[in-house]
Amino acid sequence: MEPYSCDTFVALPPATVGNRVIFGKNSDRLFDEVQEVIYFPGAVHSDLSKRLKCTYIEIDQVPETYAVVLSRPAWLWGAEMGANEHGVCIGNEAVWGREAISKEEALLGMDLVRLGLERADTAEKALDVIVDLLEKYGQGGNCAEGEEFSYYNSFLIADRNEAWILETSGKYWAAEKVQGIRNISNQLSITSRIDREHPDMRNYAKQKGWWDGQEDFDFAAAYSYINTASMMTSPSRYCQGYTLLNKHKGNITFETMMGILRDEPSGINMKGEFLSTASMVSVLPRDSSLPCVHFFTGTPHPERSVFKPFIFVPHISQLFDTQSPTFELERPLARKPYVKPDRRHPLYQKHQQALEVISHNKEKSKTMLDNMRKLEKEVFEEMESVLQSKHLDVDKTVNLFSQCVKDEIKIYQSNISS
């Protein structure tokens with residue numbers, strides 16, 4: 001199942017520079033799937049008799065939901081990764097193990113990402129939200145548009161103060177509080193250090209014959225087929241990701257995290273039928289007087305994309321250039337042959353057109369990439385100034401992400417038209 005992996009990372013002080021938590025994720029999906037970056041404001045829900053429609057099922061609504069920014073496959077309700085106004089970030093991963101995958105429609109892992117962000121103001125509360133919803137509604141259903149693809153999920157959940165790994169198998173789960181650096185990929189990775197767990201998780205494993213009840217309990221060993229003794233010496237992307245994090249331990253910045261997401265030799269920057277369709281890096285300062293800064297690409301190929309900053313402030317401008325056209329949500333396998341609607345948003349369209357042009361012109365390729373890195377450098381310097389000076393121009397920040405997208409589109413347009 002390695003080709004279907006994503007990679008999610010977190011680094012906490014003192015592994016980072018500047019007393020900040022750094023979060024990052026590459027979302028690896030089918031090569032032609034469009035991922036949009038979209039903002040939803042906070043809301044008060046006075047009529048709780050109205051059910052909330054997720055990707056497949058309806059669930060109970062809550063009295064209040066928080067503002068969120070999401071990077072999500074444009075065909076579904078949930079998200080691959082995102083952040084909320086309180087500095088909570090979540091990314092999920094596909095995982096498989098001994099427990100058969102349920103194809104019955106329930107909550108997708110991506111639905112749980114969005115629900116955790118909308119309903120929790122800390123990382124551990126988001127964990128509570130997700131496991132409570134798992135218990136009540138379960139997880140299952142098709143996770144791709146136009147073909148059958150189902151899995152269970154692991155989650156990396158972070159805020160300004162801490163981070164948690166949550167790994168699931170059906171309704172059973174284990175959670176580990178992160179110390180220093182941590183990453184997840186497409187395999188269960190929690191072993192014997194378990195800080196929270198489903199109350200019947202060990203007993204279920206014993207009943208299934210996955211654990212003898214005598215040896216120290218190892219979640220990954222019991223619920224999957226992984227030899228956890230060799231987990232950190234294998235050539236897997238999980239191991240490669242940890243090696244890259246560990247290489248920079250003590251000096252990790254948001255630019256370091258972006259470099260890891262762009263790394264090709266490790267396979268973290270994935271190419272092929274499944275590729276890195278979108279990327280996210282977040283800076284979560286421990287100092288609550290400083291804003292959290294969330295960078296999104298909204299386009300595939302992180303090394304040929306621009307990480308653009310988003311900061312939560314009141315009255316955010318809608319992100320029209322990274323918002324896909326709206327179609328009535330169909331079940332991805334409701335009719336065959338399934339014809340995917342054109343979900344390309346304006347940034348995605350220009351990005352793909354530019355890639356086509358530069359693939360045949362080395363000179364244009366160099367010019368475009370130089371201009372993209374120049375734009376990034378200017379933005380990074382501006383964000384570092386905000387993070388250090390505590391001065392935030394709110395009027396400018398309302399359009400921060402949208403303006404950077406427009407600047408990126410100009411770079412692509414100049415290469416397409418010249």
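**Notes on the predicted model**

1. The side chain of histidine 345 comes within reach of the backbone oxygen of glutamine 35, at 3.0 Å. This is a predicted model. Histidine 345 sits in the loop between β18 (308–310) and α7 (346–358).

2. Is histidine 345 buried or exposed? Its relative accessible area is 0%. Histidine 345 therefore counts as buried, since the cut-off is under 20%. Beyond its neighbours within four places in sequence, histidine 345 contacts Val34, Gln35, Glu36, Gly298, Asp321, Thr322, Gln323 and Ser324.

3. Glutamine 35 also belongs to β3 (35–40). An open sheet of 8 strands runs in the order β3-β8-β9-β10-β11-β12-β13-β15, with antiparallel pairing. β3 and β15 (196–197) are the edge strands; each has a single partner, so one side of each lacks a neighbour in the sheet.

4. Within that sheet, β12 (163–169) and β13 (172–177) pair antiparallel over 6 bridges. Serine 169 faces tyrosine 172 of β13.

5. Helix α1 (109–119) lies across β3, β8 (68–73), β9 (81–84), β10 (89–95) and β11 (152–158). Its angle to β10 is about 165°.

6. Helix α6 (254–261) has 6 of its 8 residues buried, so the rest of the structure largely encloses it. The buried residues are Phe254, Thr256, Met257, Met258, Ile260 and Leu261. They pack against β1 (7–11), β2 (20–30), α5 (237–247), β16 (274–285), β17 (293–296) and α8 (362–389).

7. What caps the N-terminal end of α6? Threonine 253 does: a side-chain oxygen lies 3.3 Å from the backbone nitrogen of glutamate 255.

Conventions:
Residues numbered from 1 in each chain as written. Predicted model: local features only at pLDDT ≥ 70, side-chain atom pairs only at ≥ 80, totals over all residues. Heavy atoms only, no water. Helix = DSSP H or I, 4+ residues; strand = E, 2+ residues; numbered from the N terminus. Buried < 20%, exposed > 50% of the residue type's maximum accessible area, 1.4 Å probe, protein only. Polar contact = N/O pair within 3.5 Å; in protein donor to acceptor, adjacent residues only side chain to side chain. Contact = heavy atoms within 4.5 Å. Pairing = 2+ DSSP bridges. Axes fitted to C-alpha atoms, helices over the stretch in contact; angles between N-to-C directions.
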